[in-house]
Amino acid sequence: MKNPFIVTGVVDDPAFCNRVKERAELRTHIENSQNVLLYSHRRYGKTSLILKVFRELRGVTPIYVDLYGTTSIEGFIKAFLKGTSAIEPKTEKFMKIVRESLSGISLALGFDPISSTPTFNLSFDRKAASLDIGVIFQLAQKLAKKKKIVIAFDEFQEIANYGGEPFEKELRKVIQHHDNISYLFSGSQRHIVMAMFHDAKRAFYQMAINMHLDRINTEDFLIWIQGLCQQADKIIDEMVIRDVVARCEQHPKYVQEFFYMLWPLKKVGTDEVNRTESEILEERSIEFMNAWDSFSLNQKRALKLVAATEGEQLFSAENLVRFQFKTASQVTAAIKYLEERDFLAKNGVYKIQDPIFRRWVQRMV
């Protein structure tokens, strides 16, 4: 049996762990043509969950639109067309329908040599902002042949960067009239996407059902990993599995990474887990250093403060002196910035959201 764990990319069976409840809930919302805001911290598997549910749907046409890296309305249209192209496998037919449906856009087809997926070279006869965005949604309905549709916008927060308020309003105006389409909005910058749907002044206010993607339960991880071990005639002690899951704080991405590295070993015990943790910290060090270098001095001090105290008594005189803060307001300002960027999370007390980044910071305290 090859290594069943996945470190990069979208996760599917056998590397997909549980999420039975979330899958059922998401399918129900989609089948009822409800809009959903799917949110969580980074690397909790939102994209993998979406695509897993899409593969399980019956009688509903799924369209997945990846907005990551788009910087303009032109990029939005290009991403939408790429997602929509999956409905019509015949390339020439798809191109014909697009040309007949979209005026003001010239379209040429290419292929990504690495992924062998279609790429679209677009040119606009006029500014994309002046185009009727509703037309591309009509195109999706036409291709779906009157079936129910679900459209997932992954990294939805990107539209706030290039379209601004006018584009958000235009998009809502189009979406709110679609009774037979379920929209799934997902994003990795949690604070931005939450503000888009929870701020009464924003266009998408109360436009979707909130669905929070939490960590996976330890018992679910245990059952899943033991099942994989059984299939491969491999033995990993239950306490070792629990130790790894606890170190990762039930973080799906890091549990995958730990066991990906542990899987080839003949013996898996505490020493091997410690060594794997050190290797992961070393591999992540450049990523963490780049993030660290982007922080101000007070933000760095705040991270050390939270890491050292586990979020307790952050504003005590002793801790302010220890971490060289002149006033409590400096701590408040630094924490607010770090929370907005999802480096800190509050659940009773503040903590560094990424468990491996927290261990990296703790080494400097």
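Predicted model: local features only at pLDDT ≥ 70, side-chain atom pairs only at ≥ 80, totals over all residues.
Let's start with helix H7, which runs over residues 164-175. H7 has 12 residues and spans 17 Å from its first C-alpha to its last, close to the 16 Å expected at 1.5 Å a residue. Which residues of H7 are buried? They are Phe167, Glu168, Leu171, Val174 and Ile175. These residues sit on the same side of H7, because they cover an arc of only 125 degrees around the axis. As for what covers them, the list includes helices H3 (73-84), H5 (134-143), H6 (159-162) and H8 (190-198), along with strand S6 (181-186).

Next, let's go to helix H13, residues 297-309, and its packing against helix H15, residues 328-340. Their axes are 9 Å apart, and the angle is about 85 degrees. That makes H13 roughly perpendicular to H15. On the H13 side, the contact is made by Asn298, Gln299, Ala302, Leu303 and Leu305. H15 brings Gln330, Val331, Ala334, Ile335, Tyr337 and Leu338. If you sort the residues of this contact by class, you get 8 nonpolar, 3 polar and no charged.

H13 also packs against H16, at an angle of about 100 degrees and with the axes 9 Å apart. So these two helices are roughly perpendicular to each other as well. Here Leu303, Lys304 and Ala307 of H13 meet Phe357, Val361 and Gln362 of H16. The contact of H13 with H16 has 4 nonpolar, 1 polar and 1 charged residues. Notice that Leu303 takes part in the contact with H15 and in the one with H16.

Is Gln353 buried or exposed? Gln353 counts as buried, because its relative accessible area is 6%, and the cut-off for buried is under 20%. Leaving aside residues up to four places away in sequence, Gln353 touches His41, Tyr44, Arg215, His251, Asp342, Phe343, Leu344 and Ala345.

My last stop is Lys52, in helix H2 (residues 46-56). At 7% relative accessibility, Lys52 is buried too. What does Lys52 touch, not counting residues up to four places away in sequence? The answer is Asp12, Asp13, Phe16 and Arg23. To place Lys52 relative to Leu303, the two are 251 residues apart in sequence and 36 Å apart in space, C-alpha to C-alpha.

Note on methods. Residues numbered from 1 in each chain as written. Heavy atoms only, no water. Helix = DSSP H or I, 4+ residues; strand = E, 2+ residues; numbered from the N terminus. Expected span 1.5 Å × (residues − 1). Buried < 20%, exposed > 50% of the residue type's maximum accessible area, 1.4 Å probe, protein only. Arc of directions from axis to C-beta. Contact = heavy atoms within 4.5 Å. Axes fitted to C-alpha atoms, helices over the stretch in contact; angles between N-to-C directions. Parallel < 35°, antiparallel > 145°, perpendicular 65-115°, else oblique. Nonpolar A, V, L, I, M, F, W, Y, C, P; charged D, E, K, R; others polar.
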